[in-house]
Amino acid sequence: MSATTEAATPRTTSAARPRPRWTRNISAKIAAIPMIATALVIFLGGTIWTVVYSFTNSRLLPRTNFVGFDQYERLWETSRWLISIQNLMFYGVMSLVFTVTMGFVLAVLMDQKIRFEDTFRTIMLYPFALSFIVTGLVWQWILNPQFGIQGVVRDMGWTSFTFDPLNNPQTVLYGLLIAGLWQGTGFVMCLMLAGLRGIDEDIWKAARVDGIPTWKTYVVVIIPMMRPVFITTLVIVASGIIRLYDLVVAMTSGGPGGNASQVPAMYVYDYMFQAQNLGQGFAASTMMLLSVLIVLIPWAYLEFGGKKHG
Amino acid sequence: MADVSMAAAMTGPRGAKPKKRLTGRNIMLYGTLLVVCLYYLLPLWVMVMTSLKGMPEVRMGNIFSPPVEITFQPWVKAWAEACTGLNCDGLSRGFWNSVVITVPSVILSIAIASVNGYALINWKFKGSDVFFTILIFGSFIPYQIMLYPIVILLREAGLYGSLWGLVLVHSVFGMPILTLLFRNYFSSIPEELFKAARVDGAGFWGIYFRIMLPMSLPIFVVALILQVTGIWNDFLFGVVYTKPDLYPMTVQLNNIVNSVQGVKEYNVNMAATLLTGLVPLVVYFVSGKLFVRGIAAGAVKG
């Protein structure tokens, strides 16, 4: 470790000045204080603090009255939490599968040397600039049973037509999915397109010379070559899904029927800031952390495990 | 492309091939893209159309049809009269709150992150990579786990519930992605430049302001775009760290549209939604390709 740092340290060209080690690069160290403070105090310190306090019975204010795993036992006995986890798993799997496949297919279409590429890209990506609140509210309006798609089709004469995902506990997650995909696939498409463009033109020429059909080149050659892009995309999308909150607040507020579309982030917020049951909020957020680590650690291991990065 | 050349190879050359624009493949390709674009454009269309109709027309008509009689009343009402709780001064309050939150947050976060990125590339010190790794991990950790400790820190500093508290929070959470962005960009600037400046006696800040800053204006624009849209669109931090008077636009919008009291005025709701989306949309359409380059560079190169 110290050997690599030594080599990376910019060499001063003036004659060797005997200075104590810690004063070397002193401005750089001072400039990095905000980063160090953020990393240590907020990201590391804050996380540890919450994990530690999740073992207390804090209610209105944090207290150091440790009760072991009581909060976690209560958490996993609360039906609202169990529903939140199920919802998130379902939404997460569906969202990952659809954003990645749709994103990739769209990127392939965009990569066919088409005309008006910029126009198409602009249209597909603009929802990504909008907030989840705006996204949620627009789709809530489009899916409005009385005036939205259902209402329009019924007015055209098909009176038994039913398309009201947001008011049916069975389908509410699909409603969220329609809006979530609308917001996020453009972004994934751009990531994939950047990946496709990064592939050497010679690969394509070689495949053409060998007479491999285009679709087969994509499946057999291109996709395996884009493995890093896929993994990065999966990690970004997955860590976004675990945070899913605003969209649900805007579209359904967790309903219908009280908790048909609850998600963990909502549980955490409600227990921390509404129900004044901090211990539960801490325990729930610790579970969220755990789920992210399950996604993140294998990825970090795969990506940075062997080689030296940076 | 490959299909075309394949077909040509199969049938053999027969003189100059007439260029056909309307091949089956092209119809499929453009057809699919057009349908996809319809899905993407539909909400924007519906938003604009609904916001220009009067309430009777909204109740009678079709959400996809353009207004028979255009009215800007919903926009006026959304901007200046819509109620949240006891305040009835419309979304304008949230708009100005968002402006006051976004501007300092963007400046502060970009200033900190660009210096971080520069220090990480050119002035590595013992442990700098460790802090950077923690920072990157921090960007994936759910915010929920850090919400309460930050409440305590802000309360201790007397900033809880104030705009400046929220500005600090945005600067902190913008740091990982922006630092990554700047670090990657600075690493592409030839090291010889840095070494030459060192030989000429330039110090940490001298090199930053005279070489790095002027050479990396595009990445600053990218960072600006990312931060303006990101902070403007934030909801969670706004709810947690400010009080109702200071709520940013997104929070106020949600309170207006999803409030249970009163008759639902869908046209006003859509005008309000559009107003909230306007700032990031303008940023997006003006920045064009830089937006794309930004998100692609930030994500793929990491």
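A salt bridge here is a side-chain nitrogen of Lys or Arg within 4 Å of a carboxyl oxygen of Asp or Glu. The model is predicted, so to speak of local features pLDDT must be at least 70, and side-chain atom pairs count only at pLDDT 80 or more, while totals for chains, interfaces and linings use all residues. Residues are numbered from 1 along each chain as its sequence is written, chains are lettered from A and ligands numbered from 1 in the order in which they are written, and side-chain values use heavy atoms, with hydrogens and water left out.

**Exercise 1. A salt bridge in chain A**

Task: Find the salt-bridge partner of Glu117(A) and state where the pair sits.

Solution: 
- Step 1. The partner is Arg121(A), with the closest N and O atoms 3.7 Å apart.
- Step 2. Both residues belong to helix 6 (residues 117-129) of chain A. Helices are DSSP runs of H or I, at least four residues, numbered from the N terminus.
- Step 3. Glu117(A) and Arg121(A) are four residues apart, so about one helical turn separates them.
- Step 4. Over all chains, the structure holds nine salt bridges.

**Exercise 2. The interface**

Task: Describe the interface of chain B and chain A by residues, area and polar contacts.

Solution: 
- Step 1. Chain B gives 98 residues and chain A gives 103 residues to the contact (heavy atoms within 4.5 Å).
- Step 2. The two chains bury about 9200 Å² between them, 77% of it on carbon and sulfur atoms. Buried area is the accessible area (1.4 Å probe) that two parts lose on being put together, summed over both.
- Step 3. Zero salt bridges are counted between chain B and chain A.
- Step 4. There are 17 residue pairs in polar contact across the interface, both residues at pLDDT 80 or more. A polar contact is a pair of N or O atoms within 3.5 Å; within protein, one must be able to donate a hydrogen and the other to accept it, and residues adjacent in sequence count only if both atoms are side-chain atoms.
- Step 5. Helix 2 (residues 24-51) of chain B supplies the largest share of the side of chain B that touches chain A, 17 residues.

**Exercise 3. Ser162(B)**

Solution: 
- Step 1. A polar atom of the Ser162(B) side chain is 3.2 Å from the backbone nitrogen of Gly165(B).

Technical notes:
Helices (H or I, at least four residues) and strands (E, at least two) are DSSP runs, numbered from the N terminus.
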